[in-house]
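User: I have a model open and want to learn how to read it. Can you take me through some features, one by one?

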Amino acid sequence: MDANDMGDALEKVLISAEQIDQRLTELAAEIDRDYPDGDLLLVGVLKGAAPAMVDLSRKIHRPIEMDWMAVSSYGAGTKTSGVVRILKDLDADVHGRNVLIVEDIIDSGLTLAWLKENLINRGVNSVRIVTILRKPDAAQVDVDVDYVGFDIPNEFVIGYGLDYAEQYRHLPFIGTLARHVYEVEGE
């Protein structure tokens, strides 16, 4: 599926597949530089970070391990609820490990702040964060993010792992969803 297949559901493409690929190459080079001795566990936050986790991991030039967590503060809506739930926990023991959280988007920062604290409480050696997207204008808590793909406006975005009601994750680009798709008249 590409932008033309979406018809009037797509408002605009914000970041192309080519731009994403180029930025992931740059982020991987920074990660390689910052972890010269290896011992790196990538922790992808499901479901949204799946494309970024896979693509980023292929660009890192050192041994890595990967694991996944699923946490949620959304539901079917477009705004965070602020209540974090673990839907799938890690399989690996992270005690004493260098962990790099791979996230699709940071908007309020509430979920990521909770997740980082959760991993610190498990006794990690270090925890850093890489995100494809960050919405600085939506931040409700200050979270140190070590690697940022793109800063974007506070708009509802889809594609490259990001969804609306479990749709549009498979798009190779990041775009804004037309309001008529997700807003109910009178709201």
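Analyst: We will go from the whole chain to single residues. Keep in mind that this is a predicted model.

User: How many helices and strands does the chain have, and what pattern do they follow?

Analyst: Start with the parts list. There are four helices and nine strands. Then read along the sequence: the pattern is β-α-β-α-β-β-β-α-β-β-β-β-α. The radius of gyration is 16 Å, close to the 16 Å from the globule rule for 187 residues, so the chain is as compact as a globular protein of that length. The C-alpha trace spans about 50 × 35 × 25 Å along its principal axes.

User: What share of the residues is buried?

Analyst: Buried means under 20% relative accessible area. Of the 187 residues, 47% count as buried. Now look at the surface. The accessible area comes to about 9400 Å², and carbon and sulfur atoms hold 46% of that.

User: What share of the contacts joins residues 24 or more positions apart?

Analyst: Count contacts with a separation of 6 or more. Residues 24 or more positions apart account for 65% of them.

User: Where does Glu 65 lie, and what is it in contact with?

Analyst: Glu 65 lies in strand β3, residues 65-72. Beyond its neighbours within four places in sequence, Glu 65 is in contact with Leu 40, Leu 41, Leu 42 and Arg 97. Its relative accessibility is 43%, so Glu 65 counts as partly exposed.

User: Which peptide bond is cis?

Analyst: Check omega. The bond from Leu 46 to Lys 47 is cis, with omega near 0°. Lys 47 is found in the loop between β2 (40-46) and α2 (50-59).

User: What is the phi of Ala 165, and what is the phi of Glu 166?

Analyst: Ala 165 has a positive phi of about 50°, although it is not a glycine. Glu 166 has a phi near 70°, also positive in a residue other than glycine. Ala 165 sits in the loop between β8 (157-158) and β9 (174-177), and Glu 166 is in the loop between β8 and β9. At 41% relative accessibility, Ala 165 counts as partly exposed. Glu 166, at 47%, counts as partly exposed.

Terms used:
Residues numbered from 1 in each chain as written. Predicted model: local features only at pLDDT ≥ 70, side-chain atom pairs only at ≥ 80, totals over all residues. Heavy atoms only, no water. Helix = DSSP H or I, 4+ residues; strand = E, 2+ residues; numbered from the N terminus. Rg over C-alpha atoms; globule rule 2.2 N^0.38 Å. Buried < 20%, exposed > 50% of the residue type's maximum accessible area, 1.4 Å probe, protein only. Contact = heavy atoms within 4.5 Å. Areas by Shrake-Rupley, 256 points an atom, 1.4 Å probe, with all protein chains shown as cover.
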